[in-house]
Amino acid sequence: MQAIASAHEELRREHQIDAFFSGNGGDNIFCAIRSASPFVDRFMAQGPRHGLFDTLRDLSDLTGASGATILRHAWDRYRDCSRPVKLHRDTSGLSSAAIAELDVPRPPHPWMEAPEGTPPGKAAHVRLLARAHRSIELYPRRSHPQHVAPLLSQPIVETCLSIPTWQWIEGGRDRAVARAAFKPIVPVQLLRRTSKGGPGGFMQRIFQANAEHAGDLLRTGLLARAGLLDLRTLEGASQPTVAGFEKAQRILALCAAESWVRWWTDVRAS
């Protein structure tokens with residue numbers, strides 16, 4: 001985000017900019033989910049019709065999972081429809097005391113409580129939309145141009161939420177409705193792609209260059225002093241493995257939290 005902010009700041013100095021426009025929230029509102037929920041949604045809406053097996057094939061093509069695996073997960077999703085949604089929390093790097101504190105019941109976000117009878121896939125679609133809100137405001141309004149995310153405008157949100165989840169994976173491709181909508185104007189190479197780049201590699205390089213400093217920051221920091229961290233998460237973070245990669249990203253997130261706490265502590269002290 002700092003690299004993106006730097007590029008935006010340079011553009012702002014060179015040009016008269018009134019707003020930044022971005023595609024933030026696209027994956028969320030275009031229902032980029034990879035689970036058995038679309039199969040359950042179609043079964044609840046249409047019953048065991050022929051189209052249900054089309055969705056089973058689409059999910060298999062999309063995820064690479066076998067039909068038996070998808071059916072097993074679909075059955076689990078169907079049984080859990082009436083149960084409260086369990087929100088995923090990343091507790092890696094946290095102490096047992098901090099994890100226990102997170103387990104204390106708290107009022108849920110209203111979008112997490114779907115009305116009775118809501119298909120699980122559509123409930124997941126709404127939860128994705130809630131997650132998109134963290135990328136709506138990029139910078140402070142008083143000092144920067146506003147950020148506009150057209151894909152999260154009300155007409156587009158209402159239209160996308162009205163589309164059944166199984167239509168979003170037709171043909172074994174995610175975001176299938178959006179791909180079809182933009183077919184006349186987007187190059188076929190982009191329409192067919194199934195993956196895209198991300199900041200992961202850049203974050204890994206940042207960690208490798210600052211691993212020692214990151215460890216010192218957490219070991220001597222306020223979070224550790226408050227008993228919130230399990231410092232064993234620092235072990236093996238530099239290894240070139242998936243586990244090491246995930247640990248490195250988590251450590252950077254904990255360092256950001258530590259820096260945030262220190263900033264507020266310094267402000268109050270002054």
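**Helices and rings**

I started with the contact between two helices: Ser37, Phe39, Val40, Phe43 and Met44 in α3 meet Leu71, Ala74, Arg77 and Tyr78 in α5. Sorted by class, the residues of the contact of α3 with α5 are seven nonpolar, one polar and one charged. A reminder to myself before going on: this is a predicted model.

Next I looked up the geometry. Helix α3 spans residues 37-46 and helix α5 residues 67-79, and they pack with their axes 8 Å apart at an angle of about 65°. I noted the crossing of α3 and α5 as right-handed.

I then turned to another helix pair. How do the axes of α11 and α13 cross? Helix α11 (residues 200-219) and helix α13 (residues 242-269) have axes that come within 9 Å and cross at roughly 55°. The two helices, α11 and α13, are therefore oblique to each other. Their crossing, that of α11 and α13, is left-handed.

I listed who takes part. On the α11 side I found residues including Gly200, Met203, Phe207 and Leu218, and on the α13 side residues including Phe245, Leu252, Cys255 and Arg262. The contact of α11 with α13 divides into 12 nonpolar, five polar and two charged residues.

Then I went looking for rings. How many aromatic pairs are there? The count comes to six aromatic pairs. One I checked is phenylalanine 20 with tyrosine 139: the ring centres are 6.0 Å apart and the planes lie at 70°, over the 60 degrees needed, so the pair is edge-to-face. This pair links distant parts of the chain, 119 residues apart, with phenylalanine 20 in strand β1 (residues 19-21) and tyrosine 139 in the loop between α7 (120-132) and β2 (146-148).

Tryptophan 260 counts as exposed at 56% relative accessibility, while tryptophan 264 counts as partly exposed at 39%.

My last entry goes back to where I began. Phe43, Trp75 and Tyr78 are linked into a cluster by ring pairs, and Phe43 and Tyr78 are among the residues of the contact of α3 with α5.

Methods
Residues are numbered from 1 along each chain as its sequence is written. This is a predicted model: local features need pLDDT of at least 70, side-chain atom pairs count only at pLDDT 80 or more; totals for chains, interfaces and linings use all residues. Side-chain values use heavy atoms; hydrogens and water are left out. Axes are lines fitted to C-alpha atoms, for helices over the stretch in contact, and angles run from 0 to 180 degrees between N-to-C directions. Helices (H or I, at least four residues) and strands (E, at least two) are DSSP runs, numbered from the N terminus. Angles under 35 degrees count as roughly parallel, over 145 as roughly antiparallel, 65 to 115 as roughly perpendicular and the rest as oblique. A crossing is left-handed if the near helix is turned anticlockwise from the far one by less than a right angle, and right-handed if clockwise. Contact means heavy atoms within 4.5 Å. Ala, Val, Leu, Ile, Met, Phe, Trp, Tyr, Cys and Pro count as nonpolar, Asp, Glu, Lys and Arg as charged, and the others, Gly among them, as polar. Rings of Phe, Tyr and Trp (its six-membered ring) pair if their centres lie within 6.5 Å; planes under 30 degrees apart count as stacked, over 60 as edge-to-face and the rest as tilted. Buried means under 20% relative accessible area, exposed over 50%, partly exposed in between (1.4 Å probe, protein chains only).
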